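Below is a short report on one protein model.

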Amino acid sequence: TSDLLSKDVELNLLDAAVSSGKLELSQDQQLMLQNEVNQGMCCLQCDDQENLVRIVALVALQIKRDNGDMFVQVGSWSKGAGMRAACQLPATKRRRGELPHQAVC
């Protein structure tokens with residue numbers, strides 16, 4: 001994790017990007033992003049052009065049967081939006097410092 005900035009530095013980068021107008025977020029969006037950083041669910045860094053970049057580490061499972069059939073999520077459903085197609089492997093976010101096997105247990 002030596003390439004990651006401290007949470008305080010990341011939150012200062014976020015505040016600076018919003019204050020300077022480089023990043024437009026509603027108050028709710030900014031609060032959600034701050035919470036993700038504080039919980040270790042994402043990291044914030046600046047790229048070569050000094051744009052703020054959100055980094056999320058994921059762990060995806062590839063579960064196959066002997067015959068080649070694979071377990072995948074083909075969609076999701078929510079009360080407000082109904083059915084939404086989304087073919088993807090089952091996955092979860094890793095927290096800062098969390099190893100892949102810890103994220104799926």
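In strand 7, Gly-82 is the bridge partner of Ser-78. The model is predicted, so local features need pLDDT of at least 70 and side-chain atom pairs count only at pLDDT 80 or more, while totals for chains, interfaces and linings use all residues. Residues are numbered from 1 along each chain as its sequence is written, and side-chain values use heavy atoms, with hydrogens and water left out.

**Strand pairs**

Helices (H or I, at least four residues) and strands (E, at least two) are DSSP runs, numbered from the N terminus. Two strands pair if DSSP finds at least two bridges between them.

| Pair | Bridges | Residues between the strands |
|---|---|---|
| strand 1 and strand 2, antiparallel | four | five |
| strand 6 and strand 7, antiparallel | five | three |

Cys-43 stands opposite Ile-55 in strand 2. In the hairpin of strand 1 and strand 2, Glu-50 has a positive phi near 65°.

**Helix 1**

Helix 1 has 14 residues and reaches 20 Å from its first C-alpha to its last, close to the 20 Å expected at 1.5 Å a residue; the expected span is 1.5 Å times one less than the number of residues. Its buried residues (under 20% relative accessible area; exposed is over 50%, partly exposed in between; 1.4 Å probe, protein chains only) are Glu-10, Leu-11, Leu-14 and Ala-17. Seen down the axis of helix 1, they fall within an arc of 120°, so they line one face of the helix; the arc is that of the directions from the helix axis to the C-beta atoms. On the other side, Asp-8 and Ser-19 are exposed. The cover over the buried residues of helix 1 includes helix 2, strand 1 and strand 2, where contact means heavy atoms within 4.5 Å. Just after helix 1, Gly-21 takes a positive phi of about 85°.

**Helix 2**

In helix 2, the buried residues are Gln-30, Leu-33, Glu-36 and Val-37. They cover an arc of only 120° around the axis, which puts them on the same side of helix 2. Gln-27, Asp-28 and Met-32 are exposed on the other side. Helix 1, strand 1, strand 2 and strand 8 are among the elements that cover the buried residues of helix 2.

**Glu-98**

Glu-98 lies in the loop between strand 8 and helix 3.
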